[in-house]
Amino acid sequence: MSDKLNPFEMAQQQIDNAASILGLEQGIHEILRWPKRVLYVNIPVKMDDGSIKVFKGYRAQHVDVLGPYKGGLRYHPEVCMDETIALSLWMTFKCGVVGLPYGGGKGGITCNPKELSLGELERLSRGYVQAIFPIIGPEKDIPAPDVYTTPQIMAWMMDEFSMLKGYYSPGVITGKPVAVGGSLGRNTATATGTVITIREALKSMGKSFREVTVAIQGYGNAGFFAAKFVHEKGAKLVAVSDSRGGILNKEGFDPYKVFEHKEKTGSVVDYPGATTITNEQLLELPVDVLIPAALEGVITKANAHNVKAKIIGEAANGPTTPEADEILYKNGVFMLPDILASAGGVIVSYFEWVQNLTNYYWTQEEVDIRLDEKMTAAFKAVLEVSKQYKVDMRTAAYLHSIKRLAEAMKLRGWAG
Ligand code: NAD
């Protein structure tokens, strides 16, 4: 991709843009541009063949002015320090947008989990917890799932942390299975949140799901559940994709059947009756709603002009570069930025943590109602800021979030 920015530089540009509009105090701006701590670890793992392989891992902690660090863990061959730092910055602003008492954190291991056995995956996950043990904990930093990490991995990590502590400590990590302190609704939360913001955007345009077509990039946790929910609400799901490519059917897909096909074959590609498309083509389809739900940096200045969707709901973190943002805004695309649209996951992670700390567990209905309240309130607040400052929704989300962070920094005497 020609203008694919280093994601850390991309996150800093987004902060700089919001800071200049707000006239942010120099000290606060400077603190927000950098992570407070980044831990780089090498994790030796005994492989099934008896050899030892060393994996690189990271945990980045950005700004903890509002509370302990919080953010996911990614297992992917392209995980690197700068990507992890960028993701930790975005987590701070995401928590600020929806009003959670957290700072931004993110972690990852450079690996291809598809090539690891279950035993190797467990030993790697436990080794990572041993390596980052000094800087995590329910009051310090609370990891969660991200790309290619699962509730089972969270369960192993919670167990390892509890063993090292000497007592059961479920509040160290969220996204756990319900049987070991997970919250009802966590698995579907990111997609639920994205779909709530799309619902509100449609409402503001006088439309409903029944009138729209949808394309989704990525068919994992965020992508599949987003597909399920828009389909249930009456939208026509015309295209989906995963790392191996995409499929298109103008008549619409049943998301469950596509899921079963992916379970059976390993990919959505070659789904019966569908036309095969590339991930790049998916982004340019003439649909009403586009949901990027895979990786960052996919909508760039090279393809933004060709995006035809009227609404983009970013379930993924960082799918759009700043240059692409400008083009989309000029073209009148209603952008639901990642730090707002993908906040459902961290909101229910927060609910899970609260349940762990109080040892009192909520019903699915309680989770659903509170998630909807938080997402809808955040959407309305960001829309209001975008009208007030006459800026796009991403900038508005940053402004809304940075105001909260700046107030706390001033009150704590950090800067300003
Ligand atoms: P996942 O591992 O469940 O799914 C990832 C999906 O992306 C898979 O379908 C995979 O095939 C696809 N993919 C990988 N590489 C791709 C490529 N190059 N092109 C197209 N598709 C590709 O991960 P997830 O949890 O659904 O995360 C997806 C995005 O959502 C990430 O950006 C993540 O940071 C973001 N997100 C996740 C959560 C969460 O709670 N899981 C919360 C907020 C944001």
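Predicted model: local features only at pLDDT ≥ 70, side-chain atom pairs only at ≥ 80, totals over all residues.
Local features rest on pLDDT of at least 70 and side-chain atom pairs on pLDDT 80 or more, whereas totals for chains, interfaces and linings use all residues. Residues are numbered from 1 along each chain as its sequence is written, and side-chain values use heavy atoms, with hydrogens and water left out.

The protein chain contains 14 helices and twelve strands, taken as DSSP runs numbered from the N terminus (helices: H or I, at least four residues; strands: E, at least two). Its radius of gyration is 20 Å, close to the 22 Å given by the globule rule for 416 residues, so the chain is as compact as a globular protein of that length. The radius is taken over C-alpha atoms, and the rule is 2.2 Å times the number of residues to the power 0.38. Along the principal axes, the C-alpha atoms fill a box of roughly 55 × 55 × 45 Å. The accessible surface of the protein chain is about 16,600 Å², and 53% of this belongs to carbon and sulfur atoms; areas come from the Shrake-Rupley method with a 1.4 Å probe, and for residues only the protein chains shown count as cover. Of the 416 residues, 59% are buried (buried, under 20% relative accessible area; exposed, over 50%; partly exposed, in between; 1.4 Å probe, protein chains only). Among contacts (heavy atoms within 4.5 Å) between residues at least 6 apart in sequence, 68% join residues at least 24 apart.

The domain assignment gives domain 1 (35-177) and domain 2 (189-336), with bounds from an automatic or database assignment. The C-alpha centres of domain 1 and domain 2 are 28 Å apart. Eleven residues from domain 1 and six residues from domain 2 take part in the contact.

The largest nonpolar core has 91 residues, and Leu 32, Phe 93, Ile 216, Ile 291 and Leu 336 touch the most other members. A nonpolar core is a set of buried Ala, Val, Leu, Ile, Met, Phe, Trp, Tyr and Cys residues joined through side-chain atoms within 4.5 Å. Domain 1 and domain 2 each supply at least three residues to this core. A second, separate core of 25 residues includes Cys 111, Tyr 128, Ile 136 and Ile 153. Beyond its neighbours within four places in sequence, Leu 32 is in contact with residues including Ile 15, His 62, Phe 93, Ile 402 and Met 409.

The structure holds 23 salt bridges (a side-chain nitrogen of Lys or Arg within 4 Å of a carboxyl oxygen of Asp or Glu). One joins the side chains of Lys 36 and Asp 64 at 3.3 Å, N to O. Lys 36 lies in the loop between helix H2 (26-32) and strand S1 (37-46), and Asp 64 in the loop between strand S2 (52-61) and strand S3 (69-76), 28 residues apart. Lys 36 is exposed at 53% relative accessibility, while Asp 64 is partly exposed at 22%.

Glu 352 and Lys 176 form a salt bridge at 2.7 Å, N to O. This pair links helix H12 (residues 344-358), which holds Glu 352, to the loop between helix H5 (151-165) and helix H6 (189-204), which holds Lys 176; the two are 176 residues apart. Both Glu 352 and Lys 176 are buried.
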